[in-house]
Every structure is written in C-alpha cells, then in structure tokens.
Amino acid sequence: MKMDVSVALGAVIQGVMMGAIYGLIGLGITMVFAVTGMLNFAHGDFMSLAMYLCLALHTAFNLDPYLSLFVTVPAFFVLGLLLYHFFFRRTLKAEILMVVQLTLGMVFIIENGVLMVFGPDYRSVPNFLLTTVVSMGDMFAVRGTYLVTFLVGGAVGFGLYWLIESTDLGRQIRAIAQDREAAQLMGVNVARVQMLIFAIGIALLGLAGPLLTSILTMEPYFGLHLTLFAFITFVMGGVGNFLGTLIAGYILGVTESMGMLYLGGYYGAAVPYAIFVLLLIFRPHGILGTK
Amino acid sequence: MLSVDHVTAGYGVVPVIREIFLEVGEGETVALIGGNGAGKSTLLKVISGLIKPKGGRVFLERTELTALAPHQIVDKGVIQVPEGRRLFPRMNVRENLLLGGRNVRARQNIAPLLERVQILFPILKTKEKQEAGTLSGGEQQMVAIARGLMAMPKVILLDEPSLGLSPLIVGVIFAALSQLKQQGLTILLVEQNVRLSLKIAEKGYVLENGRIVLSGSGKSLLENGQVKASYLGI
C-alpha cells in the first residue's frame, strides 16, 4: 500500500514539474494575445525548432542541452524580433484569419524543414543530468532533469508574472490589454511593447525547448501537439489571465502524469483533454477568468 | 502654445473636420463647444496623434506634432483625458496614475506629482488600492484627470469631463479645473456643458458640422445670440 501512495505521489510531483514548463509555454501565448490579440499556431513548432537546434548543437559540437540555452534563448529572442517585424506586425490590421493562415503556413514550413534536415526518427538529446536521481526523504525520488526543468521553468514563469504585476513594463502590458487606445494616449509605445513581448514569447520557447530535450522525444510533427497544450493552458486559465495560465500548466502536467500512471497509452494521453473539457463545462471562462 | 493650423481630418473619404484653426495661448483655458458629431473628439484625436490629418498641421510652441506618434506627443507635453474616462478598469487607482506619469519628464517627479493630484482629489489617496472599474463615475473622472496631470503636461486636453455626472460632481470637477487654471496650466476643454465651460474659459470656439463657425472670448460667446439659442436654450 505504501508503495502505491509513493508511486502516485511521485507521479504528482513529476506532473507538477512538467506543469511548470507547460505554464511557461502557455504564458508566451497569453502575453502575446494580451498585447496584440494574435494567436500563433506555430508556437509549439518554434519550441520544437529550439529542441532540434539543441540536437544539432549536440551533434556538431557535443554541446550539452543546458549549455545550448545560452545560444537558443538569445537566438530565439532575435528570431522573435525578426518574425514580428517582417511577418506578424503586418497582420495586426488585417482580418484575424490572416494570422491563422500565416502561422499555419509556418507550421508546414518548420515541420517539413525539420523532416528534410533531421529525418523522421524519434530523437532525444541526453544531458549531463540524465542519470542523476535526487531522492527526497525515503518516499520518492525525482530525476535531476525534471528537477532542473521545474526550478528554471517555475522561477521564470513566476518571475514573468511578477514582472507583469509589479513593474512599469508589466503595467504597460496590462494597459494595452485593457484599453489599447487609452494606453497610447498615456504615452505607452504600443508598437514597441508588442514587438518586445512577441520576442520574449519566442525566447521562452528557446528556454523551454532545451530543458525538455532529454525528457520528451522529438519528431518533426510534434510541434502542433505542444501548441495544443499551450492553447489549453491559455484557455483553461481564463483567456488573457497570466496567473491562470501558469496554474493551468500545473493542472495539465499533473493530469497528464496521473493519466499515464493509471490508464496509460491512448486513454492516459486523453486525460488532460478530458479534464479540460470538464473544466470548461463547469467554469466556461476558465479557472481565473471573469465575465 | 498649442496651435492647430488648418487641419482637415476624418476616418473615411469624407472629412469630419475641415480647415480647423485654433490657438491655445500659454496658461489659457480654451473651450471648444459644439453638438454631438460636430468633430470635437476627432480634433482631439488629431492633436494626440491617434489619427493623422489629411491636411494642416499641429504645433506645440515651435515643435510640429503632426507627424509624431502618440507616445512622442505625450513626451512633448500634450496629454489627453479622453471622453468616457477610459481608465484601465482592472488596475487600481495608483497603477492608473503611475501609467499617466511614465513619460520622460514626469518619470523623475513621480512622488511630488502623486502628492499634488492627491491634494487636488483626496479620494485618490483613500481609494488608492481600489480597482478603477469599481469606482463611481465621478470618482473615475477624477482619476482620469489626475492620470492626465501625472504626465506633467504643458497642455491638457479634456474631452467631455462632465459627461454623465451628477450636478454636484460636475461642480467638484469644474472647481478643480479652475484651481488648475489658477496654477497656470494650459487647458483645451471640450464640453457640452457650454455655460460652465465658457465661464472658466478665456476663449471659446464653436464647432458645427466640422467647421469653426464662431470664436471669441468666453464672455462674448456667452452673450452671443447664436450661442444662446443653439447651446444655452435661452
């Protein structure tokens, strides 16, 4: 009996640890939506791209994924700035479907590009913590990679939440989300904040990707699955609610690992989606959503 | 101080305002009056840079504002308190005020600016932590004016500050405006409350169908037969 409890507890903890990253990926969507009203269907594919970049760096230079972070985060920040400047910015004044078209197009380009370069195989990149296990008391132990993912993902997630709630940039973000024209009248440089937030959203994927290269196996088409998870946290948290997105990430992580533990396989994988649907039936505006 | 020089502007093909000429001298209070749809708010949007005029230019002292972005115009010293208050509803009063005071000039003086607006409207201090969306209309208008003052403006544009408020609160708002006027603030006041605004204004312009049809001192407009008939109901 003690064994069962400890296995379940282990699954919960592993879920919480993954949840920190799910929340972080979702927070990028929520922040970008708050200031631009845009949804990026290629969000997960950019994360997948970050993971493949780690694979490339590992193959070419034997670079540990944790060290690749110092490449992927700044590179993806710059990529975000460029993508925004050359593509996303231009859809702001257009119909909402334009950005859907644009980003779905990016999905195909990224996925098939990855397929051409890296082939169709399932891949993962080991890092130096792969075999490290950290035991906490005698009840359970966690793998080092999960612990790092949790600590970094959680710290950055709640750090960003603090930034949004307590700094001048955060006030500008919320002002744009609540009344864009009034924000302009108060002197907020809306175009600059939009570009910066978009780039931060992409940089977050440059952070999340390398943290997961030894936990998730990647294949060219798995970006859309990540996008779906990000959208679920975005909606589940209450559209546009920053804290709600982070909390939804943890819910998603825990329900996923519990589903895998008790049901496994296809049924297990369906559990987070089922929970999402149930939650929306009882709280149609999400966990912290209003109206 | 603020000059609008033959501005023509609108949203589609047909201009809403045509060939508007308007001057606000330093320390002056100027009232812009006119009925619904006359183009008053459109003119303020042009001054603030939200819409670019099809013709004409806007100057602050000798600086041309016409081509600048809205945030640059705020940096130069022109702030607008928009119609309907337009506070950030899910932020508290203090955060709303801080958002007013983030331009280059105001940033260095946040503490004294906060103190000044809290003396003008003591309610700002007592309701500091309350969400703006939950305030009464009158309180919201006070926050909106204070948020504008936080920008340390050279010129403040007020769009219908008395709209939808009880006579008592309108009195409070106008008392505050005369106080600001005495402190030397330059004010462009757009109002439907013609009597009150022409009383505190040195100068007034009457806007009808997108054109200035009448201008003069506040006092002379109050006594003008046309103004009396159209706006004062006498």
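The model is a predicted one, in which local features need pLDDT of at least 70 and side-chain atom pairs count only at pLDDT 80 or more, while totals for chains, interfaces and linings use all residues. Residues are numbered from 1 along each chain as its sequence is written, chains are lettered from A and ligands numbered from 1 in the order in which they are written, and side-chain values use heavy atoms, with hydrogens and water left out.

**Stop 1: a cavity in chain A**

Begin by selecting Gly28(A), Ile29(A), Val32(A), Met38(A), Leu39(A), Asn40(A), His43(A), Phe198(A), Gly201(A) and Ile202(A), which line the largest cavity. The elements that give two or more residues to this lining are α1 (2-36) and α8 (190-212) of chain A. A cavity is a set of points on a 1 Å grid over the protein atoms alone where a 1.4 Å probe fits but cannot get out, and lining residues have an atom within 4 Å of a point. The count comes to one cavity of 30 Å³ or more, and the largest cavity holds about 60 Å³ of space, a volume being the space filled by probe spheres set on the points, which are joined across faces, edges and corners. Sorted by class, its lining has six nonpolar, four polar and no charged residues; Ala, Val, Leu, Ile, Met, Phe, Trp, Tyr, Cys and Pro count as nonpolar, Asp, Glu, Lys and Arg as charged, and the others, Gly among them, as polar.

**Stop 2: aromatic rings in chain A**

Over all chains there are nine aromatic pairs, where rings of Phe, Tyr and Trp (its six-membered ring) pair if their centres lie within 6.5 Å, and planes under 30 degrees apart count as stacked, over 60 as edge-to-face and the rest as tilted. Select Phe41(A) and Phe231(A), whose ring centres are 5.1 Å apart with planes at 85°, so the pair is edge-to-face. This pair links distant parts of the chain, with Phe41(A) in the loop between α1 and α2 (43-61) of chain A and Phe231(A) in helix α9 (residues 223-236) of chain A, 190 residues apart. Phe41(A) is partly exposed at a relative accessible area of 24%, whereas Phe231(A) is buried at 14%; buried means under 20% relative accessible area, exposed over 50%, and partly exposed in between, with a 1.4 Å probe and protein chains only.

Next, select Tyr66(A) and Phe128(A), whose rings have their centres 6.0 Å apart and their planes at 90°, so this pair is edge-to-face. Tyr66(A) belongs to helix α3 (residues 65-91) of chain A and Phe128(A) to the loop between α4 (96-118) and β1 (133-136) of chain A, so the pair ties together parts that are 62 residues apart in sequence. Is Phe128(A) buried or exposed? At 57% relative accessibility Phe128(A) counts as exposed, while Tyr66(A), at 11%, counts as buried.

**Stop 3: a helix in chain A**

Now select helix α6 (residues 168-178) of chain A, where eight of the 11 residues are buried, so the helix is largely enclosed by the rest of the structure. Among its buried residues are Arg171(A), Ile173(A) and Gln178(A).

**Stop 4: Thr66 in chain B**

Move to Thr66(B), in the loop between β5 (63-64) and α2 (70-76) of chain B, which counts as buried at 13% relative accessibility. A polar atom of its side chain lies 2.9 Å from the backbone nitrogen of Val58(B), and a polar contact of 2.9 Å joins the side chains of Thr66(B) and Glu64(B). A polar contact is a pair of N or O atoms within 3.5 Å; within protein, one must be able to donate a hydrogen and the other to accept it, and residues adjacent in sequence count only if both atoms are side-chain atoms.

**Stop 5: two positive phi angles in chain B**

Finish with Met152(B), found in the loop between α6 and β7 (155-159) of chain B, where phi is near 50°, a positive value in a residue other than glycine. Glu160(B), in the loop between β7 and α7 (167-182) of chain B, has a positive phi of about 50° although it is not a glycine. Met152(B) counts as partly exposed at 31% relative accessibility, and Glu160(B) as buried at 3%.

Note on methods. On a 1 Å grid over the protein atoms alone, a cavity is a set of points where a 1.4 Å probe fits but cannot get out, and a pocket is an open set with protein on both sides within 12 Å along at least five of seven lines; lining residues have an atom within 4 Å of a point. Helices (H or I, at least four residues) and strands (E, at least two) are DSSP runs, numbered from the N terminus.
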